[in-house]
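Dear colleague,

Here is the structure I promised to hand over. Please have a look at it alongside the notes that follow.

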Amino acid sequence: MLAASFFLALAGVAHAALQYKGVDWSSVPVEEAAGRRYSTSSGTVQPFEKILAANGVNTVRQRLWVNPSDGNYNLDYNIKLAKRARAAGLSVYLDMHFSDTWADPGHQATPAAWAHLGIDDLAWQVYNYTKLVHDTFQQNNIPLAITSIGNEITSGLLFPLGSRSSSANNVARLLHSAAAGIKDSTLASKPQIMIHLDNGWNAATQTSWYSQILGQGPLRSSDFDIMGVSYYPFYSSSATLSALKRSLSTLASSYGKPIVVAETDWPKSCPNPAYAFPSDTKSIPISAAGQTTWIQKVAAVVAGTKNGVGLFYWEPAWIDNASLGSSCADNLLVDYNGKALSGLAVFGSI
């Protein structure tokens, strides 16, 4: 349950408001199916989307898997979830994984039904699938604000053919096909197309990727609109806020496109971190109050970057996966009863 205080806490930030103030809420229906409910900080049970909207969130992120075995996160799941978001006045950011399961820096498995395809047919499949997805959103009268063509694709997508280490040209072809599918769709208002990489604090990672992939030819700068990055503090001591600032500034000056921190979070419990936290984050408490401070600081970096337009907190309500894949026990913005913590209220003023 999201507390109103979460959003109020960011009132002191002096930067202009970000265009996209969001969270990834992909797993809320899974939690609800397990009997979980969400409430405001005062204990009033409400649909999570209403709590988000009331506290200043304006956009929700949703992950899309091609053909998951249990149906969770497939197209129908996302249509239903997006209808809820729109009814609450929220915009939708669709995060296409191009996989039947998780796609991330270490996992980019081609959907099982596409695994037999060569690169020409795979690129055609990506085009048609992406177009179908967006045509379906139009058929349901659901506009999209952003679509990410791949999730954390630093190492590529749709392995093995789309592995960056094997063929950067294939990566460029697949991304061009995805972008074309969106542009050729019937969706009345086209979303901003995002490229999303991990390790947003590492300028060399970011610039080398774009230099290599754009240098192949098939993917053009005009194929995408926004650069998205993931930025987490608990995987490397080098992931300082100052490094993030340098990295985003480098991207802004090199490419001139809007920039979004597409994923971030901060722990409220981390008794045994696998890695040392970055030096300029050590004054931030590992607590609900620290989560507010973290969002403030990351928002300030984004807002202070030319063309910095948004921030998304990753899965604040996924109660049954509180570690969110990290070595920290709890990164949620709700407690284990679904009640909102103070950190959520910060979005009202970033």
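**Aromatic rings and a loop residue**

Ring pairs join W65, Y73, Y77, W102, W314 and W318 into a cluster, where rings of Phe, Tyr and Trp (its six-membered ring) pair if their centres lie within 6.5 Å, planes under 30 degrees apart counting as stacked, over 60 as edge-to-face and the rest as tilted. This is a predicted model, in which local features need pLDDT of at least 70 and side-chain atom pairs count only at pLDDT 80 or more, while totals for chains, interfaces and linings use all residues. Residues are numbered from 1 along each chain as its sequence is written, and side-chain values use heavy atoms, with hydrogens and water left out.

Searching the whole structure gives 20 aromatic pairs. One of these is W266 with F277, an edge-to-face pair at 5.4 Å centre to centre and 80° between the planes. Both residues lie in the loop between β7 (259-264) and α9 (288-303), so the pair ties together parts that are 11 residues apart in sequence; strands (E, at least two residues) and helices (H or I, at least four) are DSSP runs, numbered from the N terminus.

W266 and F277 are both buried, meaning under 20% relative accessible area, with exposed being over 50% and partly exposed in between (1.4 Å probe, protein chains only). The ring centres of W314 and W318 are 6.1 Å apart with the planes at 80°, so this pair too is edge-to-face, and both W314 and W318 are buried.

G106, by contrast, is exposed, at a relative accessible area of 54%, and is found in the loop between β3 (91-96) and α5 (119-139).

Best regards
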